[in-house]
Amino acid sequence: MQTKDINENIAWAKINTDVLRSMENPRMGYWIAVVACLLMVSCAVMAEIYQYQVGMGPGNLNWPHMWDLYIATFVFWIGMSHSGTLLSAILHIIGADWRKPIYRFAEAMTTFSLMTAGLFPIIHLGRVWNMYWVLPYVSDRGIWPNFRSPLIWDAFAITTYLTSSALFLFIGMIPDLAICRDNARGWRQKLYTVLSMGWQGDDRQWRNFRKIYLLMACFLIPLAVSVHSIVSADFAMSIMPGWHITSFPPYFVAGALYSGCAAIITLFIILRYFFRFDEYMTIPILEKTCKLTFAIAMVWSYLTLIEFASVWYGHDPVAKEALVSRFVGPYSPFFWLMLFCGIIVPFALAVERFRRHLPTMFVVSILLNLGMWLERWMIVTPTLATSYYPFAFDVMWPSMVQWAIVFGSFGWFGLLFLIFVKVFPCVSMYEVKEMVFHRRQHNSPEIAKQFHRRASDRQAGDEQPSTGGA
Amino acid sequence: MKRYYIMGLFSNFEEAFAAISDIRDHKVPGVSVDDVTLKSPIEHPEIEEVLGDRGSPVPKFGLYGAIFGMIAGFFFLASGQATFLVQPSGGKAVIPLPSNIVLAYEMLILFGVLSTVIGFAIAARLMTRRHPLYSEKVSLDQIGVMLELDEKNVNLVKDLFKQHQVLEIREEVAS
Amino acid sequence: MSLKNVLENWSDYRKTHEDGGHHDYEHMWGMVVDLNKCTGCNACAVSCYSENNLATVGKEKMGKGQGMHWLRMERYWDEPNVGGDEKEFHERGASFLPMMCQQCNAATCEVVCPVAATYHTPDGLNAQVYNRCIGSRYCSNNCPYRLRYFNFYSYYEDAWPEPLNQQLNPDLSVRDKGVMEKCTFCVQRIRTAKDTARREGREVRDGDAVSACAQSCPTKAITFGDLLDENAEVTKLWKFHQVELGKTKQDKANKELRGYRVLEGLNVDPCIMYLDRVREV
Amino acid sequence: MFASIYLTSRQHPRGRSFMGRGFAVLFAMVFSMVSLLGAANVHAEVPNAIPPIGTHNGEDVPQPIEFPHDIHADVNEINCMYCHTYARRSKVAGIPPTSKCMGCHSVVATDKPRIQKLTEYWENKQSPDWNKVHDVPDFVHFTHEKHLKRFVFENEGMDVDNVSEVCAFCHGDVKKMTVANKTKPLTMGFCVRCHEANDGPSDCWKCHK
Amino acid sequence: MSGNDINRRDFLKFMGLGGVGAATLSGCDMPTTVTLEEGKEKVVSYLAPEEYVIPGIGVWYASTCQQCPSSCGIHGRVREGRVLKVEGNPESSVNGGGLCQMAHAGLQSHYNPDRLRKPLIRKGGTLTEVSWKEAWAVVEEKLAASDSAKTGWMTGTVSGHQAVLLDALQEANGSNKHYVYEAINNSVGESVNKAMLGEATPRYRFDKAQSILSFGADFLGTWVSPVHFSKEYAEFRTGDRGVLMVVEPKMTLTGANADFWVPAKPGTEGVLALGIANVLLTKHQADAKLLPASVRKLISEYNVAKVTEVTGVGGDSVVKITNHLKNHAPSIVMSGASAHEHENGYFNATAAMVLNILLGNVGKTIESSGAMPDVKLASKTGSSSAAMRLAADADKGALETLFITGANPVFTVPSYVGLVDKLAKVPFKVSLTSFMDETAALSDVILPLLSSYEDWGTTAAAYQPTEKVIGIQQPLMQPLYAETKGFGDVLLDLLKIQGAEQYGAYTDYYSYLQNALYSLPASVKQGLSDADFWHDSLKKGLIKVGDAKGSLSVKTIDLTAPSFEDNADFPMVLAPSARQGLWDGRLANIPWLQEAPDQITKIFWDSWAELHPSTAKKFGVKEGDVIQVESDQGSIEAQVYIYKGVHPDVVAVPMGQGHENYGRYATNLGVNPLKILSPGTDKVTGEIAAHATRVRISKTGKSSDLARLGGSETQVGRKLVSTVSADVFRRTEGGGNVA
């Protein structure tokens with residue numbers, strides 16, 4: 001049974017070849033996946049065009065159900081985006097080096113899920129063609145957006161987050177792009193030459209590189225937290241029972257990390273399977289990810305229960321009704337499914353036998369994501385169905401138009417990701433090299449010792465160093 | 001007198017560092033450790049111990065960018081709100097602190113990140129032409145030690161490299 | 001420079017609803033609805049349809065809850081603070097409640113509009129600027145009364161087949177799809193009243209501006225007017241029933257007086273006072 | 001032109017100005033695009049007023065009768081409001097009724113082809129359908145009455161005979177045209193800048209209902 | 001709000017400035033927010049405007065509403081030659097500023113897209129559009145051919161100078177066949193009033209009354225003059241607030257506002273009334289000297305126990321009602337449709353009136369309203385028996401020519417009458433109407449009339465509270481369609497055909513009307529010159545003609561005990577309730593009224609069947625289920641609405657829906673309960689016993705959500721509508737200490 005995160009005797013050259021191989025000559029399965037994604041996207045596009053021409057009516061949106069799946073899915077994707085930050089930023093700062101083989105695709109996931117999430121606030125607008133009005137541009141009409149609106153906060157937060165995480169992804173990739181540049185031919189070489197920005201791996205670059213990477217990690221962590229608390233503000237800042245809940249920001253952040261990790265597990269397994277990354281995306285690393293996910297799952301479960309408790313003891317009758325209607329109302333089946341997927345299923349992660357069994361983990365991670373999506377839906381819709389005003393109580397089931405667009409968004413995400421894995425190294429080569437290097441040092445301490453001696457008594461200037469072998 | 005670039009490729013850090021420390025110990029007259037550039041596929045954790053501590057301006061960029069972002073962000077919003085007076089709504093103030101603080105916070109991070117990146121690009125001399133002596137091997141698995149030095153020292157350094165099992169030596173006349 | 005402007009008028013820009021708001025209000029249009037007189041006959045609702053170019057959407061869409069009833073006549077069968085619902089018949093009849101935009105002074109809908117398409121006017125009205133609206137529908141979600149209605153379709157295309165469209169009121173826009181709309185207290189009538197007053201070189205008198213619903217009510221259950229005008233009927237009624245703006249709970253000297261504002265505990269400060277329904281019990 | 005910028009971004013009591021001078025530079029850009037077409041004309045004749053800036057070259061609009069504004073307004077110095085009689089009383093200025101034209105032209109210049117065409121209309125009891133030149137979006141509720149009050153009737157020092165100068169703010173120098181055509185952009189920016197320069201209302205609902 | 005003194009015809013000739021153009025917020029075309037293309041829109045200028053016509057500024061003109069027979073005064077807002085809005089005319093004593101939803105919707109019947117634009121004549125079985133001239137030629141020729149003595153007119157309520165002309169015409173024809181038909185009428189009540197008080201429509205003083213007991217008289221919704229009664233109801237409720245008690249099988253709008261709502265077994269209202277009388281006599285020693293012995297004897301038979309047994313109303317309720325009546329004097333007792341439309345309807349109405357006598361209301365709260373000084377102008381109120389008479393006459397070939405206007409009998413008359421077949425026996429039928437409807441579809445010539453906003457006329461409301469007025473109906477805008485004509489003009493033309501020479505002088509009805517008003521007595525004209533008087537009355541929209549006050553005296557009464565038998569196969573009773581909004585179905589083609597939910601059930605665009613929860617339980621139906629309501633005449637299907645506002649033995653289906661041929665908004669929508677009524681008329685007056693049909697209901701298995709407004713029937717504990725007791729109200733606001 002494999003216990004090491006990675007075999008430290010992998011030659012650096014092998015790492016290059018393995019990863020570069022994964023970027024070349026796509027196989028049948030890849031093209032099938034691409035076509036599938038394209039089909040999904042086209043569904044969404046058709047639905048959106050129809051909606052654009054006819055109005056929001058066909059989506060079955062109505063009074064009082066002004067928001068439904070769009071916003072729910074928007075929150076879902078935003079949540080998804082938090083995993084990358086977690087793995088690359090947080091784990092980087094606390095120096096957990098097992099993140100190294102897997103953080104690259106996690107970050108890519110961050111960027112792409114943001115690019116997906118960003119579409120939904122636009123899609124849900126009644127007059128899409130005027131969406132640019134939410135931007136604070138100086139016009140001679142002298143009108144500005146309403147900066148009090150959490151939707152504007154979203155606009156700011158998402159643009160910031162998208163810019164930063166995209167930059168983070170890119171900066172972290174530069175050394176690898178240099179590697180690609182050195183090994184690629186044709187258009188790829190041109191591309192990488194531009195992208196690697198003349199990286200030549202000298203000490204100055206490495207030194208600044210370490211600094212910026214650390215610094216951006218520091219920026220990204222609070223950003224990620226703020227982004228999802230702002231998204232939660234869309235609800236928490238309203239006065240609607242079931243939305244106006246103090247514990248929403250942490251609750252949303254936890255949920256975000258949760259779904260993010262779940263998604264990482266899914267993609268981990270997929271990539272490992274298709275690209276034969278068994279040596280890099282190893283079972284122990286999967287296990288660590290699973291443990292992390294389990295921890296977050298427990299945090300989330302706790303916050304969920306706290307939310308119920310706080311509403312219950314808060315004793316606001318209307319808020320209570322909203323809560324109860326979630327438990328027993330028309331939407332309750334989905335609510336209970338959400339609780340099952342979100343709270344019961346993660347316990348599978350606690351069992352080592354399951355953790356090490358890829359198919360199981362695959363199913364589990366999918367279930368977790370389903371649960372997280374349902375959570376968002378169950379936050380948005382039941383409150384709209386029952387709020388302060390009895391006369392406006394209503395039950396609404398989304399129509400095909402909404403479902404198609406939600407469905408398509410997964411295709412869109414998949415498409416971006418598929419392109420990414422073939423154009424960019426989805427495993428960070430230089431960091432895996434570092435990882436291997438460190439492990440080696442760690443496992444053969446005498447080498448390290450030598451260095452220390454030679455570094456400490458240098459003025460003594462005695463015998464030549466005996467060259468330890470790599 | 002002609003100046004030369006010379007680079008030795010080593011199979012691992014130990015040999016490379018050994019060579020460098022010899023240079024630092026003035027085994028070669030007229031060549032100082034500050035002329036040394038180390039090219040490597042990864043960054044060695046104890047690199048300062050060998051090359052000495054060479055600082056980085058990037059954090060300053062980050063800090064100033066962040067501060068600018070916050071202040072500019074807040075006043076941009078405030079003046080926008082103050083000049084758009086049909087906006088009083090929901091009984092809230094024309095310049096509401098909660099939202100402006102939230103947005104200023106986002107601006108802080110955005111500008112922080114942007115200026116950090118710019119700082120990095122400048123400090124790391126990115127987007128400059130690659131050095132003629134650059135070798136693909138460096139991005140693969142070898143360590144390069146590069147010096148700029150006078151013609152007379154070239155052979156001395158070569159010998160030094162050879163002592164340390166250099167795999168390959170490249171040289172080039174500096175323009 | 002506008003930064004100077006910010007700093008100079010800082011304290012002014014920091015005024016909130018509790019400090020009387022940023023506006024020095026010229027008017028504060030308000031309403032009184034006497035549920036003792038209201039018979040639930042729906043005249044106000046249809047009058048509103050004809051005054052404000054409200055589209056009829058047909059059975060299917062209306063059934064889906066995509067209708068445009070700015071003023072909805074609500075009917076409830078229970079009487080929370082009297083009881084007696086367990087009887088065999090609805091012996092005390094129904095409870096009718098005409099519900100139109102409450103023109104809250106601390107409106108929750110205004111805060112959340114991303115493009116400031118809804119805001120508070122110097123007349124104390126809760127304005128909705130159709131051509132600025134981008135249809136995020138956040139306002140409707142944040143309205144505790146659910147009194148905002150959204151154009152889910154381009155209703156105008158088939159709501160007024162020729163020559164029905166000749167009836168459309170040119171004083172206000174006909175809304176296209178993707179726009180939120182709501183009761184405006186017949187702002188076009190208020191505007192006309194103000195213009196006439198200005199033409200005749202006088203102040204707006206009570207009764208110059210009457211909302212369509214108030215004007216058509218057969219029992220005159222609805223009273224409309226300016227709450228800042230001491231002699232206005234509404235002001236007198238608010239005084240008589242000891243209801244004041246800006247309170248979340250009315251401390252009345254005479255607890256038996258009927259005036260109340262719907263959901264006023266939410267501190268949205270609505271401008272419509274309702275008078276209790278009266279029954280022999 | 002820059003002068004005008006500073007005028008438009010002038011401070012108002014309680015900072016009631018849409019745009020601070022802080023954005024003057026951006027305005028410079030906005031304006032320069034517009035003013036490439038022609039410099040803003042300053043009307044000394046109208047006191048207490050800062051005319052709106054901006055020009056537009058509208059294409060010629062064919063009309064059933066090429067009404068010569070220049071002859072009437074410029075040569076014969078007929079006051080605009082003599083024909084566009086509703087302007088001072090209503091939101092619409094109104095096209096003069098055929099009867100009004102015939103008032104003079106039953107005797108004046110009856111030999112001119114245009115007049116004969118007009119007489120023809122009058123005889124078979126119909127009025128020509130004019131094509132609208134200065135059109136604003138349907139959701140813009142502009143009222144002539146209010147603007148005339150502000151700039152003419154309630155504007156001390158203003159001579160009603162110069163009303164055409166006020167009209168020119170938005171309709172351009174009609175005196176110099178035969179058939180009027182659009183020479184001002186009539187965009188929201190155009191309105192807003194003028195409103196803010198002349199202390200007009202800033203309430204959206206004043207124009208949009 | 002000032003009307004103006006001009007020759008309105010000339011004014012209305014002017015086209016509006018800007019033509020038809022309400023502002024549209026164009027959504028998709030972004031450019032509209034920036035600039036617009038010049039020369040796209042047209043501007044039409046006036047030819048020769050009047051001084052007061054200012055484009056962009058609305059002017060209000062007075063007229064009279066014709067949507068229902070109660071003829072309220074209205075003001076119409078006219079801008080650029082188009083009428084945009086109607087409001088109540090504050091000067092009118094009928095409605096005094098208020099209006100009902102139906103009146104507001106007059107706009108949409110005027111602008112209705114389904115209005116007939118050209119006459120139609122039957123060519124080879126099918127109706128085809130022709131010019132007015134052509135159609136009129138046909139009429140002339142047919143009339144020449146036919147026996148004018150056999151000319152019949154079926155109209156709705158007519159009054160004013162149209163009535164005068166119509167009478168003159170029938171006189172010239174030498175025919176007396178004028179059938180005034182209204183499906184929603186108070187004809188039984190009128191005949192009872194006439195018999196007992198000597199006046200068909202006395203004045204009800206709700207403002208004076210302290211308690212009202214209504215046996216199915218929906219005076220806030222559909223009874224006689226709803227808006228007027230609403231106005232008085234408001235006064236009744238203010239001050240020392242009166243008590244409203246309603247007895248009816250199904251909750252009407254009035255019932256929904258009652259302090260005490262009691263459902264009695266359909267048809268037994270009279271018995272309940274006697275029961276109350278009994279209590280009054282036994283407990284309260286009411287003075288019964290006005291009642292003949294026979295009646296007193298009958299009353300004494302109906303003690304509480306028996307009444308409860310017959311009517312199903314609990315004894316305590318009977319006593320409660322009686323006490324209220326006694327404690328809150330003076331009172332009014334009224335009876336309406338659901339009490340009248342039975343075989344013993346006359347008995348019920350009489351019994352109700354007996355209560356009034358016992359309570360001494362006659363003269364106090366029921367006053368004489370006098371009569372029109374000029375009787376010829378008085379309103380001819382409709383009855384449903386008229387339709388039966390028509391059917392009979394048509395059947396026995398007494399009619400050669402039939403003019404139908406303002407009525408749609410084929411839709412509202414029960415199918416058992418077989419009106420369609422019988423009308424087929426009338427060789428020549430002319431419909432004067434603005435819409436194609438079921439009746440018009442059967443006629444040979446359809447002459448499209450002007451809408452009530454385009455036409456001239458005068459109306460005298462049947463129910464007139466204070467001194468009598470004649471409402472002026474003046475055009476609010478020029479006719480939309482050239483090929484249409486006013487009712488009055490058609491009458492004049494017919495008169496001319498008949499060679500009534502004294503009408504030859506008038507070029508059109510307008511000139512006739514002007515002349516007619518000029519010739520009113522000087523007292524009416526208040527010494528104004530003809531022209532001034534004309535202008536003044538146009539401005540006010542009405543003419544006060546003063547009245548001959550009469551006085552009420554109790555006349556002979558006689559009551560015979562009714563008998564009620566159950567029917568095992570048809571255990572339930574159908575209540576075809578009139579619904580304020582669609583009226584008798586004539587307003588069903590108005591989208592506003594279809595979309596405005598029914599006041600009680602909040603259901604729109606449809607029909608429904610109301611059931612009591614216990615009944616629903618018994619038959620195992622739940623809300624939204626489609627049930628079949630079957631009588632011996634046929635069956636209808638409708639969705640169920642369940643609430644506690646209907647008698648357990650009653651299934652109530654509103655009338656007005658179920659049109660087969662009446663415009664795009666009404667056709668094939670809902671069902672028409674009147675179709676399945678079983679034979680039966682009131683014994684005395686011969687009115688159709690519409691509320692007496694026995695039915696049985698059965699599930700169809702079909703079910704769907706009700707098209708209903710509102711997600712909750714209850715307030716779920718929120719304080720939305722809060723109720724206080726009347727005592728509190730009287731303490732705080734009673735006795736005139738109001739703001």
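Modeller: In this predicted model, E:Glu610 and E:Lys250 join their side chains in a salt bridge, at 3.3 Å from N to O. The two residues come from distant parts of the chain, 360 residues apart. E:Glu610 belongs to strand 22 (residues 608-611) of chain E, while E:Lys250 sits in the loop between strand 11 (243-247) and helix 8 (253-256) of chain E. Both E:Glu610 and E:Lys250 are buried.

In chain A, salt bridges with shared partners connect A:Asp5, A:Asp97, A:Lys288 and A:Arg439 into one network. Over all chains, the whole structure holds 84 salt bridges.

One of these is in chain B, where the side chains of B:Lys158 and B:Glu171 meet at 2.2 Å, N to O. The limit for calling a residue buried is under 20% relative accessible area. B:Lys158 has 18% relative accessibility and therefore counts as buried. B:Glu171, with a relative accessible area of 35%, is partly exposed.

Chain C has a salt bridge between C:Arg189 and C:Glu51, whose closest N and O atoms are 3.2 Å apart. Here the pair ties together parts that are 138 residues apart in sequence, because C:Arg189 lies in helix 8 (residues 187-199) of chain C and C:Glu51 in helix 3 (residues 43-51) of chain C. C:Arg189 counts as buried at 12% relative accessibility. C:Glu51 is buried as well, with a relative accessible area of 3%.

Three strands of chain E make an open sheet in the order 2-3-4, with antiparallel pairing. Strand 2 (59-64) and strand 4 (82-88) of chain E each have a single partner strand, so they stand at the edges and one side of each has no neighbour in the sheet. From one strand to the next, the twist averages 30°. Strand 3 (residues 73-79) of chain E pairs with strand 4 of chain E over 6 bridges, in the antiparallel sense. Within that chain, E:Arg77 has E:Lys85 of strand 4 as its bridge partner.

Chain B also contains helix 4 (residues 97-123), which has 27 residues. At 1.5 Å a residue this helix should span 39 Å, and its end C-alpha atoms are 37 Å apart, so the two values agree. Just after helix 4 of chain B comes B:Arg125, with a positive phi of about 50°.

Chain A has a nonpolar patch on its surface, formed by A:Ile122, A:Met131, A:Tyr132, A:Leu135 and A:Tyr137. Together these residues have about 410 Å² of accessible area. A:Leu135 is located in the loop between helix 6 (119-123) and helix 7 (150-183) of chain A. Its relative accessible area is 44%, so A:Leu135 is partly exposed.

That leaves chain D, which has 10 helices and 1 strand. Starting at the N terminus, its elements run α-α-α-α-α-α-β-α-α-α-α. Chain D has 209 residues, of which 47% count as buried.

Methods: Residues are numbered from 1 along each chain as its sequence is written. Chains are lettered from A and ligands numbered from 1 in the order in which they are written. This is a predicted model: local features need pLDDT of at least 70, side-chain atom pairs count only at pLDDT 80 or more; totals for chains, interfaces and linings use all residues. Side-chain values use heavy atoms; hydrogens and water are left out. Patches are made of residues with over 30% relative accessible area and no salt bridge: like charges are joined within 9 Å, nonpolar side chains (Val, Leu, Ile, Met, Phe, Trp, Tyr) within 5 Å. Accessible areas come from the Shrake-Rupley method with a 1.4 Å probe; for residues, only the protein chains shown count as cover. A salt bridge is a side-chain nitrogen of Lys or Arg within 4 Å of a carboxyl oxygen of Asp or Glu. Helices (H or I, at least four residues) and strands (E, at least two) are DSSP runs, numbered from the N terminus. Buried means under 20% relative accessible area, exposed over 50%, partly exposed in between (1.4 Å probe, protein chains only). Two strands pair if DSSP finds at least two bridges between them. Axes are lines fitted to C-alpha atoms, for helices over the stretch in contact, and angles run from 0 to 180 degrees between N-to-C directions. The expected span of a helix is 1.5 Å times one less than its number of residues.
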